[in-house]
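Here is a quick tour for anyone meeting this structure for the first time. Take a look at it, then read on.

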Amino acid sequence: MRQTRREFLKTITRGAIATALPIGAFKFLSPREARAAVASSNVRWGFLVDTYKCVGCGFCVKACKLENEVPYDAPVTRTWVERYVILKNGRMLADTPMGARDGFTDPKVQEQEVNPRDIAKAFFVPKLCNQCENPPCVQVCPVGATYQRADGVVLVDRSWCIGCGYCIMACPYGVRFFHPIYHTAEKCTFCIHRLVKGMNTACVDACPFGARKVGNLKDPNDPVTQVILNQRVAVLKPEYGTKPQAFYIGLDENVR
Amino acid sequence: MKSHVLRPLWVVLVVIGLILVARYFVVPPDFGIYERGFMYGFHRKSNEKEWEAFKVKYRTKTYCKDCHPDKYESNMSSKHHVIQCENCHGPAIDHPENPPKLTINRKRSLCIRCHAYLPYPTSQRAKIKGIDPKEHNPGMECVTCHNPHKPDMEGW
Amino acid sequence: MEGYIHGLEWTVKELFTYPNEFITWSIQIVMYPYMTGLVAGAFVLSSLYHVFGQEDLKDLAKFALVFSFALLLVAPMPLMFHLQHPLRGMEVFFTPHFTSAISAFGIVFFTYSMVVSTEIWFVYRKFFVEQALSLKGKEGLVNRFKWLIYTALTLGAYDISEEALHKDERAVKILAAIGIPVACFLHGYAGFIFGSVKANALWMTPLMPVIFIMSAIVSGIALCMLTYIVIMEWKKFRIKRARKPWEVTAEEVGGVELDLMRKTSKYLIGFLIAAITLELLDLVFRGYTAVKSWDILRSVIYERDFFKIFILQYTFGDLIPFIMLLMPRPTVRRLVVALVLVLFGVFMMRWNVVIGGQAFSLTFAGYMDYHIPIIPHNIETFKEGVMGALVIGIMPFVLFWGINKIVPSLKYK
């Protein structure tokens, strides 16, 4: 008796599984027509920062936070400006109060008085996501919630991010953080919503001095591409092999 | 299936089957590998469009100039022509529908972003006319004496 | 769950740090490799008997196996506590991104839990069948319920002939053999999660997975020994109080226990030596090669975290228990102290890796200090504070107590 019942159950279960399992469930990865597209894509967004032009007003940070709805009074920010003061004795002082949202108005650095006569050189360095060619933050996402577009911009899918923070740990530049409202990983999007409409990023528009520029690196006539090709530029922390696509004019060895 | 040894394997297969079924219903259909390959391009394609549809808030000077030609002209003829209207007045968004009024920010903190003097010889900052906010008429609004739209012409 | 910045409450920043830097990975990420380590260690201990026929571990093997199952259920809980969106955790199974070290954790963990539960099933199959048969048709709700559970657990395999049981034994042996590499992989994996983060100067070393495996086995063995001792002492105490002459004497229980522990501690010492050697090798290499990050690492290791690393971890967690275990004529009391210290030492190692790795800024010019929330005032400070860690720490024992009711793993005869 038991034997037959067991056999029956077995058949039922097997049948149920076979019918319940849609073919699509086994379709593990869908390569699609994807690969071909990257070669034909003629856009690769890149960034150019001229550290000589930056005066540390912080309008870029303000514009970024308001444009991209990053809570204004939170210390986290998608872009920020750093101040470096190198003294004649070689010592480096640096700070970025509130990411320089309100600009640099105090001569004190790291809450220290600095005698102007001791200063050898001082400058400001705007920072934002480098939209790396090999983004380590994307590599480590366990669920495919962050990704790189064909045009090089790295985005986060807020509806899929589980909030493990691995990408935050993996970025050598500290550009990622948890959004205070959505609690998902948050980062600079190069204002992709503006770029696709033919506009500049909010920070580029907000900069009065032209210290920030965004351009298409695949277009040899783009002014940004021209500068990168013809002038001496550097990237941040190249030793990590991330191939950053934000280029800096006048990058000092003290810049972190 | 004479031997009982493979029984747990069936249990395991059922569990895997359940996960696959759940996966079929939970994962969006456009989730897959796109342009940048599996390492960098594994995502839900429609998310790109969602980000592209994000609301633009900063509209730049071209948005302001038609309705406020006087302010625009006077500003464009001054040294402050490099500054966006929205840097001080806030993002236009869909002004005048939303918001109907933009802020008129008279705070000193706005001006000293550039005009607080910092003694940095190698930076452009030192070349901007600067003051020491603690010494220079503390407590007064800058606009009492300076016209922010056209600062070359002192006073109003 | 609105408007807070993850990490702001417990991170104190010093000097020059980037604005977005916080202690993003806090106590739960310390607990996570600690718990997986205990799982791996407990399983390896049980396998030493099943695969390598270490007869001296026979009594401990069954217990270690069931205990590792309880630990296994707890191992993903720290991650759940840590995730900002815990309900989305299942996505790791749905859209695994295998280039991520965390992603394959889902697969490895699934495989491993299947191996362990299957092994337990084979070990206990005879017991399940006996229970199911003897409970059949008995009156009472509890008996009905138990009968249901055991009947389900038999999976319909009622054959307990000599031949069938022999097959079970072979299956156990094979599964235990598969389980060892999977357990090591599971834990080496936890090490890989850290070791592969190139942005973190302290974590990035290929030694990390191996160090993690060794210290995992150390902590796993230590916890099994400790729990075993505590349970046996409790039984001894109960026997003494009950004074039932027909039961074994308390002295017998104690004698068996101490003898077994003496043998097990040999394995413990072996893995302890391997773990310490690798950790010191890593430290020596960093100092000798002195790459760009060494200045800030040195200031963290030798100055800011000196007490946590050299006093708490190496002295109290490694050196003192090492001497205590090597001393002749072990006593239960000395063993307990040594084992607690070993467990503490491995915990400190995890702490010094996870928190220590975030103690310095990516700028290499600033520091971050972790002030662990003790009294929680919201869900965030509960989950990633002392309370959350305690919940995780107690959970395996609660689960073991429950599981042990169904699959009794402690026989002292």
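## Where chains C and B meet

In this predicted model, 14 residues of chain C are in contact with 15 residues of chain B; contact here means C-beta atoms, placed from the backbone, within 7 Å. On the chain C side, the elements giving two or more residues are helix 4 (91-94), helix 5 (103-135) and helix 7 (162-195). Helices are DSSP runs of H or I with at least four residues, strands are E runs of at least two, and both are numbered from the N terminus.

Sorted by class, that side of chain C has eight nonpolar, four polar and two charged residues. Nonpolar covers Ala, Val, Leu, Ile, Met, Phe, Trp, Tyr, Cys and Pro; charged covers Asp, Glu, Lys and Arg; the others, Gly among them, are polar.

## How the model was read

Residues are numbered from 1 along each chain as its sequence is written, and chains are lettered from A and ligands numbered from 1 in the order in which they are written. Since this is a prediction, local features need pLDDT of at least 70, side-chain atom pairs count only at pLDDT 80 or more, and totals for chains, interfaces and linings use all residues.

The model scores ipTM 0.91 and pTM 0.90. Chain C averages a pLDDT (the predictor's confidence in each residue, from 0 to 100) of 89, and 95% of its residues score at least 70.

## The largest core

A nonpolar core is a set of buried Ala, Val, Leu, Ile, Met, Phe, Trp, Tyr and Cys residues joined through C-beta atoms within 7 Å. The largest one has 210 residues, and Met35(C), Ala42(C), Leu71(C), Val218(C) and Cys224(C) have the most contacts inside it. Helix 1 (residues 27-50) of chain C gives the most to this core, with 16 residues. Domain 1 (10-52) and domain 2 (61-144) of chain B both contribute too, so the core lies between them; these bounds come from an automatic or database domain assignment.

Leaving out residues up to four places away in sequence, Met35(C) touches Leu71(C), Val74(C), Ala75(C), Pro78(C) and Ile392(C). Leu71(C) is also 8.3 Å from Phe397(C), C-alpha to C-alpha, though they are 326 residues apart in sequence. Phe397(C) sits in helix 14 (residues 386-406) of chain C. It counts as partly exposed because it has 15 C-beta neighbours inside 10 Å; 20 or more would be buried and 12 or fewer exposed, with C-beta atoms placed from the backbone.

## A strand pair in chain A

Strand 4 (residues 119-127) of chain A is mostly covered, with seven of its nine residues buried. Eight bridges join strand 4 to strand 2 (residues 80-87) of chain A, and the two run antiparallel; strands pair if DSSP finds at least two bridges.

Methods: Two residues are in contact if their C-beta atoms, placed from the backbone, lie within 7 Å.
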